[in-house]
Amino acid sequence: GCMHFSFFLQIKLGNPKPFFGTGVNELLFRIHETKSLSAAARDMHMSYTKAWKILHTAELNLGYSLTEKIVGGPDGGGSSLTEEGLRFMQRYTDFYRESIELVDVLFHNYFPEATNETHQNS
């Protein structure tokens with residue numbers, strides 16, 4: 001019969017320690033959506049300081065800025081992704097999605113008795 005197990009895949013970029021994974025990517029996505037680092041952090045139940053540190057560490061490892069401050073305006077400023085930040089988020093998202101799809105095929109080849117429900121984790 002069918003067995004209920006699936007795989008958990010972590011995909012982190014490191015240099016050599018991990019500095020970028022699904023969590024940082026989600027933070028970037030939420031900054032892109034909300035135009036605010038504090039709102040993005042709040043959405044993820046994370047302190048502003050922790051969110052800032054995570055971003056800063058990723059930027060130091062990559063050697064360029066992922067976000068930029070929006071000065072003034074009717075909402076009193078905020079944050080947005082830089083062009084490089086947006087491009088990096090998209091590249092990681094596509095890389096992650098394709099990796100999951102390929103591993104999913106391998107998983108079903110090696111464990112045909114498992115159910116079709118796969119769950120991915122950061």
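In this predicted model, helix α1 meets helix α3 through Val 24, Leu 27, Leu 28 and Ile 31 on the α1 side and Ala 51, Ile 54, Leu 55 and Ala 58 on the α3 side. Sorted by class, this contact holds eight nonpolar residues, with no polar and no charged ones. The axes of the two helices, α1 (residues 22-34) and α3 (residues 48-62), come within 10 Å and cross at roughly 110 degrees. Angles of 65 to 115 degrees count as roughly perpendicular, and α1 and α3 are therefore roughly perpendicular to each other.

In soluble globular proteins, nonpolar side chains tend to be buried together.

Leaving out residues up to four places away in sequence, Ile 31 touches Ser 36, Leu 37, Ala 40, Leu 55, Thr 67, Ser 79, Ser 80 and Leu 81.

Ser 79, one of the residues touched by Ile 31, lies in strand β4 (residues 78-81). Is Ser 79 buried or exposed? Its relative accessible area is 9%, and buried means under 20%, so Ser 79 counts as buried. With residues up to four places away in sequence again left out, the contacts of Ser 79 are Ile 31, Lys 35, Ser 36, Leu 37, Glu 68, Lys 69 and Ile 70.

The elements lie in a chain of four helices and four strands. Read along the sequence, their pattern is β-β-α-α-α-β-β-α. Totals for the chain are given below.

| Property of the chain | Value |
|---|---|
| Buried residues | 32% of 122 residues |
| Contacts between residues 24 or more positions apart | 56% of contacts with a separation of 6 or more |
| Accessible surface | about 8,100 Å² |
| Part of the accessible surface belonging to carbon and sulfur atoms | 54% |

Definitions and conventions. Residues are numbered from 1 along each chain as its sequence is written. This is a predicted model: local features need pLDDT of at least 70, side-chain atom pairs count only at pLDDT 80 or more; totals for chains, interfaces and linings use all residues. Side-chain values use heavy atoms; hydrogens and water are left out. Axes are lines fitted to C-alpha atoms, for helices over the stretch in contact, and angles run from 0 to 180 degrees between N-to-C directions. Angles under 35 degrees count as roughly parallel, over 145 as roughly antiparallel, 65 to 115 as roughly perpendicular and the rest as oblique. Contact means heavy atoms within 4.5 Å. Ala, Val, Leu, Ile, Met, Phe, Trp, Tyr, Cys and Pro count as nonpolar, Asp, Glu, Lys and Arg as charged, and the others, Gly among them, as polar. Buried means under 20% relative accessible area, exposed over 50%, partly exposed in between (1.4 Å probe, protein chains only). Accessible areas come from the Shrake-Rupley method with a 1.4 Å probe; for residues, only the protein chains shown count as cover.
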